[in-house]
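Subject: Structure handover

Hello,

Here is the structure we discussed. Please look it over before reading my notes below.

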Amino acid sequence: MAHEHHDHDHSSTPLRALLIALGITGTVFFAELIGGWLAGSMALMADAMHMLSDAAGLIIAVLAVLVGRRQASAQATYGYRRVEVLAALANAVMVLAISVWIVVEAVRRLQSPAEVQGKTMLIIAVIGLVANALSAWVLHRHRKSSINVEGAFLHVLVDMLGSVAVIVAGIVVLTTGFVAADVIASLAIAAMVLPRAWQLMRLSASVLLEQVPADFDASAIEPALRQVEGVADIHDLHLWSLDGVNVLTTVHIVRDGTVGTGPLLDAAQQALREHGIEHSTIQIEHPEHESHETVC
């Protein structure tokens with residue numbers, strides 16, 4: 001049995017970027033909440049509720065990063081990186097719930113129209129757009145390092161689109177007096193939020209179910225190992241991810257006796273590295289050992 005382990009640098013998870021985005025998001029939430037109440041804008045209130053879900057999600061993300069940096073122990077031999085995945089799942093569920101609330105409230109507004117102050121609505125929406133653009137810029141360069149940050153970035157991106165929808169609605173209300181534009185904008189925000197939240201929820205669930213990340217070519221691993229000189233057969237191959245980013249593997253390799261165990265192990269690990277797998281646990285076996293195997 002051979003085990004190769006490369007520690008991942010937990011400090012690489014951009015805590016500072018998340019904190020900056022949290023500060024911006026929290027500020028915009030209060031601005032939109034107060035502005036939406038003063039302007040009577042359903043679209044602003046809807047965007048504020050989405051900002052609240054983002055702020056809560058970012059808080060969860062920050063806590064997950066802090067917990068995820070804890071070292072592995074005898075009880076948690078893989079460490080705590082999966083806490084970030086749980087945080088992303090909680091974030092997605094929260095956004096889905098907020099989206100449902102937006103739709104219900106928008107339908108109520110259509111039945112009972114309310115006065116909307118287009119000017120206030122427009123000013124707050126522009127402030128929100130600028131703030132969301134800044135948050136997106138902060139998170140963009142770190143989005144591939146963590147499923148948690150990827151989730152935060154997607155929500156900020158949707159917030160930007162939501163701000164654009166509110167701006168358009170504000171202009172329409174201000175120039176034409178068509179107050180239903182405010183409700184239409186809130187429904188547009190919900191329509192943008194729902195598919196992204198669903199996507200993040202599916203991604204998080206797939207990691208928790210020990211599935212391979214969707215962008216990883218799992219079908220290429222077995223052929224690559226079979227092509228290694230000295231390999232007679234392989235079985236019990238498993239691929240999964242702890243954080244939705246890095247792929248891990250375990251595999252049993254049956255040697256054909258033409259290559260020594262050490263060189264065979266080195267060659268197999270190199271084949272896995274070429275496919276982006278840095279952490280592998282490989283068991284080298286003789287052909288007669290197979291009758292003693294319990295394959296899962």
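Two strands count as paired if DSSP finds at least two bridges between them. Strands (E, at least two residues) and helices (H or I, at least four) are DSSP runs, numbered from the N terminus. This is a predicted model: local features need pLDDT of at least 70, side-chain atom pairs count only at pLDDT 80 or more, and totals for chains, interfaces and linings use all residues. Residues are numbered from 1 along each chain as its sequence is written, and side-chain values use heavy atoms, with hydrogens and water left out.

Start with strand 3, residues 247-255. Eight of its nine residues are buried (under 20% relative accessible area, 1.4 Å probe, protein chains only). Strand 3 pairs with strand 2 (residues 231-241) in the antiparallel sense, over eight bridges. Here T249 is the bridge partner of L239. Five residues separate the two strands in a hairpin, and G244 in the turn has a positive phi of about 80°.

Strand 4 (residues 279-285) runs parallel to strand 3, joined by seven bridges. T250 has T281 as its bridge partner in strand 4. The chain gets from strand 3 to strand 4 through helix 8 (residues 261-273), a right-handed β-α-β crossover (clockwise from the first strand over the helix to the second, with the strands pointing away from the viewer).

Best regards

Definitions and conventions: Buried means under 20% relative accessible area, exposed over 50%, partly exposed in between (1.4 Å probe, protein chains only).
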